Amino acid sequence: MPLTRSQNMARIHGKDTKPEIRVRKALHAKGFRFRVNVRSLSGTPDIVLPKYRTCVFVNGCFWHGHDKCSFYSRPKSNKEFWQDKVKRNKARDELVVAKLSSMGWYCVSVWECELKKAVFENTMEALAATIRGNRERWEQEKARKRQERMQAKERKTLSERRQQELMLKGVSPAIVRLSKEDSEEL
Ligand SMILES: [Zn+2]
């Protein structure tokens, strides 16, 4: 029996959906280890690979408003209602990605239409390559931040040393003079 649109929606939007499970299995087979439905992160990402600093979202094309996608048929009834709903979902998705990115996470969306049998393996290969690439980017980012911290520390030490030198040069003669005057007055 075909599903009604709202049943379909529930299936697509729900957790542990069939597309998600297929992506997980494929990633697992490629040797990736991950956590699923991570509530502690914004948007409860479907798949989180901490070692690669990557969040993967498996998106239903209609529900998440996949642009120029021919995978789903647009509803003819309640058109505005669905359009509005999809628009809000898209806005929320964008906000989630912005939040996670600001925390240094790389976000990858996998669309349902990319999981069709004919293209599934290609999609998984590309996903694996992206995830591995993210690890490199993250390592580079960490190294860059480490270097920045070290440079800041060096700058601080240098400026402290300069201040000390100035104090030694500037303040001590004044103290010397002052103590001289003091002694003359006495
Ligand atoms: Zn699509």
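This passage describes the fold of a predicted model, from its overall layout to single residues.

The protein contains four helices and four strands. From the N terminus, these elements follow the order α-α-β-β-β-α-β-α. Of the 186 residues, 18% are buried. Contacts were also examined by distance along the chain. Among contacts with a separation of 6 or more, 60% join residues 24 or more positions apart.

The strands form an open sheet. The order across this sheet is E1-E2-E3-E4, and the pairing is mixed. Strand E1 (35-36) and strand E4 (106-111) are the edge strands. Each of these two strands pairs on one side only. Strand E2 covers residues 47-49, and strand E3 covers residues 54-59. E2 and E3 pair in the antiparallel sense, with three bridges between them. Within this pairing, isoleucine 47 has valine 56 of E3 as its bridge partner.

Helix H2 (residues 18-29) lies across E1, E2, E3 and E4. The helix runs at about 140° to E3. H2 has 12 residues and spans 17 Å from its first C-alpha to its last. This span is close to the 16 Å expected at 1.5 Å a residue. Pro19, Glu20 and Val23 are buried. These three residues are on the same side of H2, because they cover an arc of only 100° around the axis. Their cover includes E2, E3 and E4. Lys18, Ile21, Lys25, His28 and Ala29 lie on the other side of H2 and are exposed. Just after the helix, glycine 31 adopts a positive phi of about 95°.

In soluble globular proteins, nonpolar side chains tend to be buried together. In this model, the largest nonpolar core comprises 18 residues. Ile47, Leu49, Cys55, Val56 and Val110 have the most contacts inside this core. At least two core residues come from each of E2, E3, E4 and helix H4 (117-185). E3 gives the most, with four residues. Leaving aside residues up to four places away in sequence, cysteine 55 touches Leu41, Pro45, Val48, Leu100, Trp105 and Cys107.

The loop between E1 and E2 was examined for backbone geometry. Most residues other than glycine have a negative phi. Asparagine 37 is not a glycine, yet has a positive phi of about 45°. This asparagine lies in the loop between E1 and E2. Asparagine 37 is partly exposed, with 13 other C-beta atoms within 10 Å. Threonine 44 lies in the loop between E1 and E2 as well. Threonine 44 has a positive phi of about 40°, although it is not a glycine. With 15 C-beta neighbours inside 10 Å, threonine 44 also counts as partly exposed.

Technical notes
Residues numbered from 1 in each chain as written. Predicted model: local features only at pLDDT ≥ 70, side-chain atom pairs only at ≥ 80, totals over all residues. Buried ≥ 20, exposed ≤ 12 C-beta atoms within 10 Å, placed from the backbone. Contact = placed C-beta atoms within 7 Å. Pairing = 2+ DSSP bridges. Axes fitted to C-alpha atoms, helices over the stretch in contact; angles between N-to-C directions. Expected span 1.5 Å × (residues − 1). Arc of directions from axis to C-beta. Core = buried A, V, L, I, M, F, W, Y, C linked by C-beta atoms within 7 Å.
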